[in-house]
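Here is a short report on one helix and the nonpolar packing of a protein model. Please load the sequence and coordinates first.

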Amino acid sequence: MIHKRNLKGMPKGIGMTSQGTRDRLVQRLRDNGIQNEKVLKAIAMTPRHEFVDEALSSRAYEDTALPIGLSQTISQPWVVARMTEALLECGALDKVLEVGTGSGYQAAILAALVPKVFTVERIEELLKQARRRFHKLGLHHVYTRYADGHLGWSSQAPFDGIVVTAAAMAIPQELLEQLRIGGVIVAPVEKYGMQRLLAVRRTEDSFEEKDLGGVVFVPMLSGLS
Ligand code: SAH
């Protein structure tokens, strides 16, 4: 017997954006080396399809970056998971900063794990959309700011952790300064024409750098748009 699939008329929970679809993404991340159960749980419970245009929602649980307009992308789930995992390695986090809100997805994942999430975006239109999503999902502990993230968010510093979701030539000095001692900043940095994901821990008197591998991010730009 052939079952006709009427996606629009499908009851909640068995469509392309269902829990089952999300769980398959989590399994894929697990297979690809993501080990932190808290991070995997955050991915399992966060509706990524809410962070992309409706026309792309059937692809929301593929492990791939997707366009979100204005030449920007929502990061690939594996990259979001890896960055979050690296951030959590510095212990319990109370307050984190994200540079590059974009769709708001990475901030939502952080919000599942951290009491206070501060996120900065330089494209006003994207920030407006992200704010609507945070409101819709009840993420009232995500604080947003329309600003150039090179400067961080000094009035809220120091942060226990910082994630940068756009690639710069080097990690901005202001961001390093807004990290508490023992805190980690995870950021993609251009090196020899490629991008490397770096995790840099601030110690009492220096910064210790770890290379987490090759990545592809949109560039970190200056000023507002
Ligand atoms: N974290 C996002 C990824 C978005 S892509 C997500 O989960 O969807 C990177 C974002 O960084 C883009 O929205 C881009 O506009 C933003 N960005 C680039 N340079 C920036 C800067 N200097 N300050 C703040 N945001 C910046």
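What covers the buried residues of H5? The cover includes strands E1, E2, E4 and E5, along with helix H4. The model is predicted: local features need pLDDT of at least 70, side-chain atom pairs count only at pLDDT 80 or more, and totals for chains, interfaces and linings use all residues. Residues are numbered from 1 along each chain, and side-chain values use heavy atoms, without hydrogens or water.

Helices (H or I, at least four residues) and strands (E, at least two) are DSSP runs, numbered from the N terminus.

| Element covering H5 | Residues |
|---|---|
| strand E1 | 66–69 |
| strand E2 | 72–74 |
| helix H4 | 105–111 |
| strand E4 | 116–121 |
| strand E5 | 142–146 |

In H5, Leu126, Leu127, Ala130, Arg133 and Phe134 are buried (under 20% relative accessible area, 1.4 Å probe, protein chains only; exposed is over 50%). They sit on the same side of H5 because their arc around the axis is only 120 degrees, taken from the directions from the helix axis to the C-beta atoms. The face turned away carries exposed Arg132, His135 and Lys136. Just after H5, Gly138 has a positive phi of about 70 degrees.

Now the core. A nonpolar core joins buried Ala, Val, Leu, Ile, Met, Phe, Trp, Tyr and Cys residues through side-chain atoms within 4.5 Å. The largest has 50 residues, and Ile43, Val117 and Val186 have the most contacts inside it. H5 is among the elements that each supply at least two residues of this core. H3 gives the most, with seven residues.

Definitions and conventions: Contact means heavy atoms within 4.5 Å.
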